[in-house]
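Dear colleague,

Please read the notes alongside the coordinates.

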Amino acid sequence: MTDATFNDAVTIEQNLVITAGNDVIFDAAVSGDAGTETLTVNASNDLTFGSTVDDLASLTANVTGVTRFDGDLSNIGTLITDANGSTVINTAAIGVTDATFNDAVTFEQNLVVTAGNDVTFNAVVSGDAGTETLTVNTG
């Protein structure tokens, strides 16, 4: 598929891989049904989560453009972004077991990342205006 846009809330009931030649957009909340489901998105351009994402065993973003989070992330087992492109975070809270950001990360507001284990940033991390704060709580 070229583009995928989900205007309504999405509940994932089994492991899901979405591959798009261009953009993938979730306008509303994305949730796992039992918290054991995985979501992998492969996109040649951008991936946007316009609302909350919760209750997933893993969330993997393989995106050559921008991966954008505009809502809180909670109860995510493993969060991984690839080294291509960049990630923009416009939310106040991320709750995960583990997170690995392999691309450059820009956060647009004060951000608290709470992880049961590890949070790894493998590229540049910056605030959009330079006045934002980043707090990482692990273990």
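Ring pairs link Phe 6, Phe 26, Phe 49 and Phe 69 into a cluster, where rings of Phe, Tyr and Trp (its six-membered ring) pair if their centres lie within 6.5 Å, and planes under 30 degrees apart count as stacked, over 60 as edge-to-face and the rest as tilted. Please bear in mind that this is a predicted model, in which local features need pLDDT of at least 70 and side-chain atom pairs count only at pLDDT 80 or more, while totals for chains, interfaces and linings use all residues. Residues are numbered from 1 along each chain as its sequence is written, and side-chain values use heavy atoms, with hydrogens and water left out.

By the pairing rule, the count comes to four aromatic pairs. Phe 6 and Phe 26 form a stacked one, at 4.8 Å centre to centre and with 10° between the planes. Because Phe 6 lies in strand S1 (residues 4–6) and Phe 26 in strand S4 (residues 24–26), this pair ties together parts that are 20 residues apart in sequence; strands are DSSP runs (E, at least two residues), numbered from the N terminus. Phe 6 is partly exposed, with a relative accessible area of 28%, whereas Phe 26 is buried at 1% (buried means under 20% relative accessible area, exposed over 50%, partly exposed in between, with a 1.4 Å probe and protein chains only).

Phe 49 and Phe 69 also form a stacked pair, with 5.4 Å centre to centre and 5° between the planes. That pair links distant parts of the chain, with Phe 49 in strand S7 (residues 47–49) and Phe 69 in strand S9 (residues 66–69).

Best regards

Note on methods
Helices (H or I, at least four residues) and strands (E, at least two) are DSSP runs, numbered from the N terminus.
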